[in-house]
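Hi everyone, thanks for making time this morning. Please have a look at the model on the screen, and then I'll walk you through it.

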Amino acid sequence: MARRSNRDRSEETRGKLLSAARALFVEKGYAETGTPEIVKSAEVTRGALYHHFTDKADLFRAVVVQEAHSVAEEIEEASIDQTDPIDALVTGAEAYFQAMRHPGRSRILLIDGPAVLGADALAAIDRETGGGTLYDGLAHAARRFGRDDLPLEELASLLSAAFDRAALAVSEGADPAVYAGAMRQMLLGLFR
């Protein structure tokens with residue numbers, strides 16, 4: 001049997017910590033989850049936790065980043081072949097709603113994330129993980145439909161908040177198609 005490298009063992013330990021922490025953050029929330037139960041669930045030592053993460057908030061941030069990357073990948077995969085900017089934005093919205101239906105994701109990204117990390121840190125994570133694609137999509141649509149007068153930064157911010165509100169509703173059972181349809185109507189009204 002081949003020996004595993006220190007790097008492989010380290011990555012495995014980090015993965016166990018992220019997985020255990022995610023499960024507990026989803027089940028109990030950030031505030032009610034303690035580091036002792038995270039290390040117990042991950043079957044690692046406290047020393048291993050603090051080797052990989054500064055503290056519980058740092059571990060939570062890593063979980064948030066992991067979740068945000070997953071969401072961004074799902075949106076990119078769903079909308080990459082769209083040529084019409086409105087279709088691309090709506091397809092991206094549908095993919096976002098679908099991605100946010102993953103159990104616990106809304107709680108991590110939309111409820112505990114802002115409360116624990118703060119809005120600025122969450123915005124930075126969003127920018128790191130593909131959050132600029134909404135702005136890019138709006139800019140493409142504005143060029144395509146001759147709407148250079150639109151305040152794109154502000155629109156991206158407002159739409160992002162609307163997507164998050166819709167994602168919360170969808171995660172609680174609302175029909176994502178209704179919200180995607182509403183987004184389509186709003187975008188059509190804005191650009192055409």
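Predicted model: local features only at pLDDT ≥ 70, side-chain atom pairs only at ≥ 80, totals over all residues.

Residues are numbered from 1 along each chain as its sequence is written, and side-chain values use heavy atoms, with hydrogens and water left out.

Let's start inside. A nonpolar core here is a set of buried Ala, Val, Leu, Ile, Met, Phe, Trp, Tyr and Cys residues joined through side-chain atoms within 4.5 Å. Buried means under 20% relative accessible area, exposed means over 50%, and partly exposed is in between, with a 1.4 Å probe and protein chains only. The largest nonpolar core has 56 residues, and Y96, F97 and L138 touch the most other members. Helix α4, residues 56-79, gives this core its largest share, nine residues. When I say helix, I mean a DSSP run of H or I with at least four residues, numbered from the N terminus.

What does Y96 touch, leaving aside its neighbours within four places in sequence? Its contacts, meaning heavy atoms within 4.5 Å, are V71, I75, L110, F163, D164 and A167.

Now the aromatic rings. Rings of Phe, Tyr and Trp (its six-membered ring) pair if their centres lie within 6.5 Å; planes under 30 degrees apart are stacked, over 60 edge-to-face, and the rest tilted. The structure holds eight such pairs. In one of them, the ring centres of F97 and F163 are 6.2 Å apart with planes at 70 degrees, so we call the pair edge-to-face. Because F97 sits in helix α5 and F163 in helix α9, the pair ties together parts 66 residues apart in sequence. Both F97 and F163 are buried. Another pair is F145 and F191, with centres 6.3 Å apart and planes at 35 degrees, so this one is tilted. F145 is in the loop between α8 and α9, and F191 is 46 residues away in helix α10 (residues 176-191). F145 is partly exposed at 24% relative accessibility, while F191 is buried at 3%. Y96 comes back here too: Y96, F97, F163 and Y179 form one aromatic cluster.

On to the pocket. On a 1 Å grid over the protein atoms alone, a pocket is an open set of points where a 1.4 Å probe fits, with protein on both sides within 12 Å along at least five of seven lines; lining residues have an atom within 4 Å of a point. How many residues line the largest pocket? There are 43, and D126, G130, G131, L134 and S160 lie nearest its centre. Helices supplying at least two lining residues each include α4, α5 (85-99) and α9 (152-171).

Finally, three single residues. E67 is in helix α4 and counts as buried, at 3% relative accessibility. Beyond four places in sequence, E67 contacts R22, H102, R105, I108 and L109. E74 is also found in helix α4, but is partly exposed at 33%. A20, in helix α1 (residues 6-28), is buried at 6%. A20 and A42 are 22 residues apart in sequence and 5.3 Å apart in space, C-alpha to C-alpha.
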